[in-house]
Amino acid sequence: MFGYVVPYKPELKIRDYNYYKAIYCGICLQTKKIGNIPRVFLNYDFVFLYLILKEHFNIQEEFGNTRCIAHPQKKGVFIKSNKILEYVSDQMVMLSFLKLYDDYVDEKRLISFTLYNVLRPYLKKITRMYPTSFKKIKELFEKQLLLEKSECQNIDEVAHNFGQILAEIFAYNNDPKLREIGFYTGVWIYLVDAIDDYIDDVKKKRYNCLKYHLQRCKENSALFEREISILKVSLDNYLARLNGLIKGYNNQLLDNIVQLGMYSKTEEVINKLKANFFKELKM
């Protein structure tokens, strides 16, 4: 994932924020059991995955206190290892591995290819635990690369394929509701990332699923506003479906992330594109 699925801090209670950080620290410490190098790829999106799975399976948690390299002076609270924490850590390493390869294909960055090879030995341990899931994710990821390489102009096709990748990751024990949550989360992430990276992608001549639809707007502000409006409606609809799916969990932190955090992130990336589109992409 890409770091977009985060809480809206101004409306987050202190106890919820502390719990959120404890999950993050728990995932980090769990990943340390795989190896120290994979820990550098951790981001807060995986806290969302943990929260969803923890609520869905009603996991009882235990807490601990420890110091770490990032905060050596003061002990911090963390979630102790459990089966969901272990699963989230494994999926984080797997997705990071595939993301590094995607970055290398996109930009031919040597650092991405180097890190991709560094993670390879760690991935072998994980794929042995989830052979069926990894095979499906790998197939979907390869399809994603083909769609992007062919400059696919169908936004739904390419975004929905990415949604299927996250659906596989969320679908612990092949649960259909979790699969659906993963799908809508993935589609939203892919589109928000495309909006956020649009100007940079155009300048660097990288693939972006919005390029075909927005290139024709360079000299037509009314058309641009129309395309953005359609895009925002789609994003809001995905979040509405996601919000409906998580309501049954009755978790204030999850509600904050979906109802406030993800909605505000949608507004943020759209406003950034609107402010810079004509200024940065002059003919």
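## A helix pair and a pocket

Helix α5 (residues 131–149) and helix α6 (residues 155–170) have axes that come within 9 Å and cross at roughly 165°. That makes α5 roughly antiparallel to α6, a label for angles over 145 degrees. Axes here are lines fitted to C-alpha atoms over the stretch in contact, with angles from 0 to 180 degrees between N-to-C directions. Helices are DSSP runs of H or I with at least four residues, strands are E runs of at least two, and both are numbered from the N terminus.

This is a predicted model, where local features need pLDDT of at least 70, side-chain atom pairs count only at pLDDT 80 or more, and totals for linings use all residues. Residues are numbered from 1 along each chain, and side-chain values use heavy atoms, without hydrogens and water.

Who touches whom? In the table, contact means heavy atoms within 4.5 Å.

| α5 | S133, K136, I137, L140, F141, K143, Q144, L147, E148 |
| α6 | E157, V158, N161, F162, Q164, I165, E168, I169 |

By class, that α5–α6 contact has eight nonpolar, four polar and five charged residues. Ala, Val, Leu, Ile, Met, Phe, Trp, Tyr, Cys and Pro count as nonpolar, Asp, Glu, Lys and Arg as charged, and the others, Gly among them, as polar.

Now for the second largest pocket, with a volume of about 580 Å³. Of its 21 lining residues (an atom within 4 Å of a pocket point), K21, C25, C68, H71 and G76 are the closest to the centre. α1 (14–32) and β2 (76–79) each give two or more residues to the lining, and the largest share, seven residues, comes from α1. A pocket is an open set of points on a 1 Å grid over the protein atoms alone where a 1.4 Å probe fits, with protein on both sides within 12 Å along at least five of seven lines; its volume is the space filled by probe spheres set on the points.

Key: Angles under 35 degrees count as roughly parallel, over 145 as roughly antiparallel, 65 to 115 as roughly perpendicular and the rest as oblique.
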